[in-house]
Amino acid sequence: MLVPLFLAGETREPHVVLTRRRADLRRHAGEISFPGGRRDPEDADLKDTALREAEEEIGLPRDEVRLLGELPPTSTFATNYVIHPFVGLIPTGLAWRLSPHEVDAVLELSLGSVRAGRDRRRMERRGIVFEADTYVVDEHFIWGATARVIEDLLERLRVDGAGGLWLADDLRPLDPPARPPRIVSPDTEAHNNATASGS
């Protein structure tokens, strides 16, 4: 997975590039995610996979990407994939070329608006009710592995006075860490209600 960033305007505010997947896909249909996919045999390593997938999905030339580092791997709960996110700085104002088979839209969101949209929501997927950390920016709803990658990015990304970007290591998080989804069932709700009432 590639996490593309660019600096916009005179203030050089960091923005992140995400995709909205097509609504007719078999997996993760209509969801917001970063460019990425499975490793092909010809890929030299996972970094090469991330660059190739970004080029295939949104037309991002790999030679326009300056890699800043790698975020911790995270897993998808529904499909049980392990995701390896690589963060890259790209030029402002690139023209996107979307894959007609995978991508419905490219989103360019300021990290400030993403951070401000953090929330914890109760959700239901495939009959399972759970709570998860999410990000809401305008009509864009981000959750799951993508939200966890964003959480790691916001904790580690640093911006200097000249607008330079880098990823910090071994520093305390700027925000409370994201919590894993909590499964909610009638039994747990009954237990929580009983505990709250003191019974």
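A: Starting with terms: two strands pair if DSSP finds at least two bridges between them. Helices (H or I, at least four residues) and strands (E, at least two) are DSSP runs, numbered from the N terminus. This is a predicted model, where local features need pLDDT of at least 70, side-chain atom pairs count only at pLDDT 80 or more, and totals for chains, interfaces and linings use all residues. Residues are numbered from 1 along each chain as its sequence is written, and side-chain values use heavy atoms, with hydrogens and water left out.

Q: OK. How many bridges join strand β9 to β10, and which way do they run?
A: Eight bridges join β9 (residues 118–125) to β10, and the two strands run antiparallel.

Q: Why is β10 largely enclosed?
A: Seven of its 10 residues (128–137) are buried, so β10 is largely enclosed by the rest of the structure. Buried means under 20% relative accessible area, exposed over 50%, and partly exposed in between (1.4 Å probe, protein chains only).

Q: Switching to the largest nonpolar core: which residues touch the most other members?
A: The core has 29 residues, and those touching the most other members are Leu 5, Val 16, Phe 34, Val 87, Leu 109, Ile 150 and Leu 153. The largest share, six residues, comes from α3. A nonpolar core here is a set of buried Ala, Val, Leu, Ile, Met, Phe, Trp, Tyr and Cys residues joined through side-chain atoms within 4.5 Å.

Q: What does Leu 109 touch?
A: Not counting residues up to four places away in sequence, Leu 109 touches His 15, Val 16, Leu 18, Val 114, Val 137, His 140 and Ile 142. Contact means heavy atoms within 4.5 Å.

Q: Ser 33 next. Buried or exposed?
A: Ser 33, in strand β3 (residues 32–33), is buried, with a relative accessible area of 14%. Beyond its neighbours within four places in sequence, Ser 33 contacts Leu 18, Thr 19, Arg 21 and Thr 146.

Q: And Leu 46, where is that?
A: Leu 46 is in helix α1 (residues 46–58), and is partly exposed at 32% relative accessible area.
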